[in-house]
Amino acid sequence: MNKKISIVGVPMDLGADRRGVDMGPSAIRYAGVVDRLEKMGFDIDDKGDIFVSRPHLYVETENHKYLHEVVEANTKLAQAVSEIMQEGRFPLVLGGDHSIALGTIGGVAKHVNNLGVIWFDAHGDLNTGETSPSGNIHGMPLAASLGYGHEKLVSLAGFSPKIKPEHVVIIGARSLDEGERELIKRIGIKVFTMHEIDKLGMARVMDEAIAHVSKGTGGVHLSLDLDGLDPHDAPGVGTPVIGGVSYREGHLAMEMLADADILCSTEFVEVNPILDQQNHTARVAVALMSSAFGDKLL
């Protein structure tokens, strides 16, 4: 694994239209992410936070809340991530709501042919303006990265599609809207719902997921939403769904990714300290990061 990591924070809550998740990067830093990774031997360059405009009221554009501001921030993020890749470093992006995946994937995909994506999430984030029940853009980034949705989201970073359906795996899904289910079936995205995780076990799920995203790809991006974990283990998230991945299963998944040595970038999103208990969820995020970067007991 690349021992040079550059951290970028994105204090974004506009994609979720719920205050608090913009403090996620600060909470994760406060939980000791830099110290933890440095002790593991990584060269850490914390580049600070992307500036995010904060309007008093949102302007809804065709069922897309805060469209202009989300595009603006993600355009800056894509450029920052692209520069990190050019420097030969590993981008670690701290969210912020999951709309920031638009910028992260946009920046990484410029430098990795046939980028694979592991989407660790309770939700599919495969809505468009036509299917979204809320208009919240944090439910749209995977669809937009695949080339579906509003032109401003789809064309972010200057190219589309950024990833292909056959190179994507969703892990931990347990809340999908009707439009998302239809798109999954239509374009053939591999999804491991909690049913498959319960039935097969996380080890087999990760074996299959890793094999799937490794086939024909030049590297893999991990997009981890903390609501992929059960709310008992990660209470500080904006859209909790009971019955999720356990803390131990999450660590096993990250450990297997580290062993596979396929990651070229990652982001950890949707930590909301306002809804948390003594920064517990941010500390969980840091622990999962350390496992993804190869930390082991022995």
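# Briefing: strands, helices and a pocket

Glu270 sits in the loop between strand S8 and helix H11 (280–292). This is a predicted model. Phi of Glu270 is near 70 degrees, a positive value in a residue other than glycine. Glu270 is also buried, with a relative accessible area of 3%. The points below cover the backbone, the strands, the helices and the pocket.

- Most residues other than glycine have a negative phi, and most peptide bonds are trans.
- Gln278, like Glu270, is found in the loop between S8 and H11.
- Gln278 has a positive phi of about 55 degrees, although it is not a glycine.
- Is Gln278 buried or exposed? Gln278 is exposed, with a relative accessible area of 76%.
- The peptide bond from Gly95 to Gly96 is cis, and its omega is near 20 degrees.
- Gly96 belongs to the loop between strand S3 (90–95) and helix H4.
- Ser160 and Pro161 are joined by a cis peptide bond too, with omega about -10 degrees.
- Pro161 lies in the loop between helix H6 (151–154) and strand S5.

**Strand S5 and its neighbours**

- S5 covers residues 168–173, and six of its six residues are buried.
- Strand S4 (residues 116–120) pairs with S5 in the parallel sense, over four bridges.
- In this pairing, Ile118 stands opposite Val169 of S5.
- S5 also pairs with strand S6 (residues 190–193), again in the parallel sense and over four bridges.
- Here Ala173 has Thr193 in S6 as its bridge partner.
- S5, helix H7 (residues 178–187) and S6 make a right-handed β-α-β unit.

- S7 runs over residues 220–225, and six of its six residues are buried.
- In a regular strand the side chains alternate between the two faces of the sheet.
- In S7, Val220, Leu222 and Leu224 point one way. His221, Ser223 and Asp225 point the other way. All of these residues are buried.
- S4 and S7 pair in the parallel sense over five bridges.
- Ile118 stands opposite Leu222 in S7, and Ile118 also stands opposite Val169 in S5.
- Six bridges join S7 to strand S8 (residues 263–269), and the two run parallel.
- Val220 stands opposite Leu263 in S8.
- S7, helix H10 (residues 247–260) and S8 make a right-handed β-α-β unit.

**Buried and exposed faces of the helices**

- Which residues of H7 are buried? They are Gly179, Glu180, Leu183, Ile184 and Ile187.
- Seen down the axis of H7, these buried residues fall within an arc of 135 degrees, so they line one face of the helix.
- On the other side of H7, Glu178, Lys185 and Arg186 are exposed.
- Helix H4 (residues 101–109) has nine of its nine residues buried, so H4 is largely enclosed by the rest of the structure.
- The buried residues of H4 include Leu102, Ile105 and Val108. Gly103, Gly106 and Gly107 are also among them.

- Leu226 lies in the loop between S7 and H10.
- Leu226 is buried, with a relative accessible area of 0%.
- Leu226 and Ala31 are 195 residues apart in sequence. Their C-alpha atoms are 15 Å apart in space.
- Gln86 is found in helix H3 (residues 67–86).
- Gln86 is exposed, with a relative accessible area of 58%.
- Gln86 and Pro165 are 79 residues apart along the chain, and 26 Å separates their C-alpha atoms.

**The largest pocket**

- Rolling a probe the size of a water molecule over the atoms shows where empty space is left.
- The largest pocket has a volume of about 240 Å³.
- How many residues line the largest pocket? The lining has 17 residues.
- His123, Asp125, His138, Gly139 and Asp177 lie nearest the centre of the pocket.
- The lining of the largest pocket divides into one nonpolar, 10 polar and six charged residues.

Definitions and conventions: Residues numbered from 1 in each chain as written. Predicted model: local features only at pLDDT ≥ 70, side-chain atom pairs only at ≥ 80, totals over all residues. Heavy atoms only, no water. 1 Å grid on protein atoms, 1.4 Å probe; cavity = no way out; pocket = protein on both sides within 12 Å on 5 of 7 lines; lining within 4 Å. Points joined across faces, edges and corners; volume = space filled by probe spheres on them. Nonpolar A, V, L, I, M, F, W, Y, C, P; charged D, E, K, R; others polar. Buried < 20%, exposed > 50% of the residue type's maximum accessible area, 1.4 Å probe, protein only. Pairing = 2+ DSSP bridges. Right-handed = clockwise from strand over helix to strand, strands pointing away. Arc of directions from axis to C-beta.
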